[in-house]
Amino acid sequence: MPESARETDRQLVERVQRGDKQAFEVLVLKYQHKIVSLVGRYVRDQDEVMDVTQEAFIKAYRALPRFRGDSAFYTWLFRIAINTAKNHLVSRSRRPPGVDVDIDDGEYYDPTLSDVAGPEEQMVSSQLEEVVYQAIADLPEELKVAITLREFEAMSYEEIAQVMECPVGTVRSRIFRAREAIEKRMNEIG
Amino acid sequence: MSNMSDENRELVSALMDGEASEIEIHKLLQQYKLDEGHEGTGHTIRDTLLSFGRGTDAIGASRGGTTSVALDPEKHRVLHQAVSEAIAEDDTVFDAPLARRANAPLIRSRAFQASALAACLVVAVGLGITVMQTGMNSGGLFSDSPGVPQVASSGLSSSDGQVVNTQPVVASTSIQPALGEAEDREGLRELDEERQRELRAYLNRDGGARLDPNVQTVGTENTRNKED
């Protein structure tokens, strides 16, 4: 994750630490898909995934006064989510997965973990991925390059601007327009 | 009804990537608060973040080469609502945030300096007013009349003509107050060592190197001796 991302999170965290609860709600929005996916690696049932994710966010909120910023917020949050999921499995007398998720790569799936999604979820996910990929493929070239460098290479806007030889503001606009196009396609399938 | 502009949606996209500036984050949070009650319309910060996050998540899932539990958009909204409600009711106290801790020594130091400076100025203005009043009441700034305030250039010589104090004139000036009440005199004349140091430092800073910060600027000894 680029340094700029850490800076944005740090600003939001500082706002939460000053008592702005809605800043935490924005952090939840920013990371809830990733946390759901992460927890979903440990817990199969959708309702349980929601419960564990909720618990993880509440634990994070309560622990924020002690968060010193030594690590990135998302790393810290992912660690809490993983521990919450493991505790959940232990409390249910189930064995947690034998292989830990690498915190640094926690935002992406660890292929060494077993796939816990059921056939139905797999089908929905596959369909969604297909739609997203097709949407990206259909994008105008400059939007496609911008979103690809961002989402697949995790480049910062500054880096993308250098690669594409255009202003940072243009990169930002292109990524936004790419996301809008992807969103439109996703909404078509519900 | 809240209806997000393209500009705000672009800000949401930048926020997701950690590319929003502090002022933009502030703007988005303001909008987020305005959005309250309009969630689910597709035109709020929350809806946009959830929607963009869904796409990003789908790409992330494909990167790992596996599929996981996928929640539909409505369940994500329910989840976020549940977390928000739980947080709203939570009474976690945030008293010493990270950033403020890091900056605290500097902030405290500045606050202390400002307070000390203000205190010094008040004392200096008080002294000045007293001196002026003294001058007007007595027809001159310096008077030997009992009960009349004095600004004595003390410490230069004793009654036998010997120099007993070599402090600079300005630094050794002491003031005899106009009022007979001991408390009032003490209040005007006495500063503890720390404040004297601060006052000297301030005067030095403002007036160049006129004063030596290591010498006493305001004293009561000579005045007290006279009174005694």
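Trainee: Does B:H80 count as buried or exposed?

Mentor: This is a predicted model, in which local features need pLDDT of at least 70 and side-chain atom pairs count only at pLDDT 80 or more, while totals for chains, interfaces and linings use all residues. Residues are numbered from 1 along each chain as its sequence is written, chains are lettered from A and ligands numbered from 1 in the order in which they are written, and side-chain values use heavy atoms, with hydrogens and water left out. Buried means under 20% relative accessible area, exposed over 50%, and partly exposed in between (1.4 Å probe, protein chains only). B:H80 has 1% relative accessibility, so the residue counts as buried.

Trainee: Which residues does B:H80 touch, beyond those up to four places away in sequence?

Mentor: B:H80 is found in helix α4 (residues 73-89) of chain B; helices (H or I, at least four residues) and strands (E, at least two) are DSSP runs, numbered from the N terminus. Contact means heavy atoms within 4.5 Å. The residues touched are A:E25, A:V28, A:L29, A:Q32, B:Y32 and B:R46.

Trainee: What is the relative accessibility of B:P73?

Mentor: B:P73 also lies in helix α4 of chain B. B:P73 counts as partly exposed because its relative accessibility is 24%.

Trainee: How far apart are the end C-alpha atoms of helix α4 of chain A?

Mentor: In α4(A), 14 of the 19 residues are buried. The expected span of a helix is 1.5 Å times one less than its number of residues. For residues 73-91 of chain A that gives 27 Å, which agrees with the end-to-end C-alpha distance of 27 Å.

Trainee: Which residue of chain B is in contact with A:F24?

Mentor: A:F24 is among the residues with the most contacts inside the largest nonpolar core. Leaving aside neighbours within four places in sequence, its contacts include A:V16, A:F57, A:A60, A:Y61 and A:L64. From chain B, the contact is B:I87.

Trainee: How close are the N and O atoms in the salt bridge of A:R179 and B:D17?

Mentor: A salt bridge is a side-chain nitrogen of Lys or Arg within 4 Å of a carboxyl oxygen of Asp or Glu. For A:R179 and B:D17, the closest N and O atoms are 2.6 Å apart. The pair crosses between chains, from helix α8 (residues 168-189) of chain A to the loop between α1 (6-16) and α2 (22-34) of chain B. Both A:R179 and B:D17 are buried, and the N to O distance is 2.6 Å.

Trainee: What is the relative accessible area of A:E55?

Mentor: A:E55 and A:K59 form a salt bridge at 3.5 Å, N to O, and both lie in helix α3 (residues 46-63) of chain A, 4 residues apart, about one turn of the helix. A:K59 counts as partly exposed because its relative accessibility is 33%. A:E55 is likewise partly exposed, with a relative accessible area of 37%.

Methods:
Core = buried A, V, L, I, M, F, W, Y, C linked by side-chain atoms within 4.5 Å.
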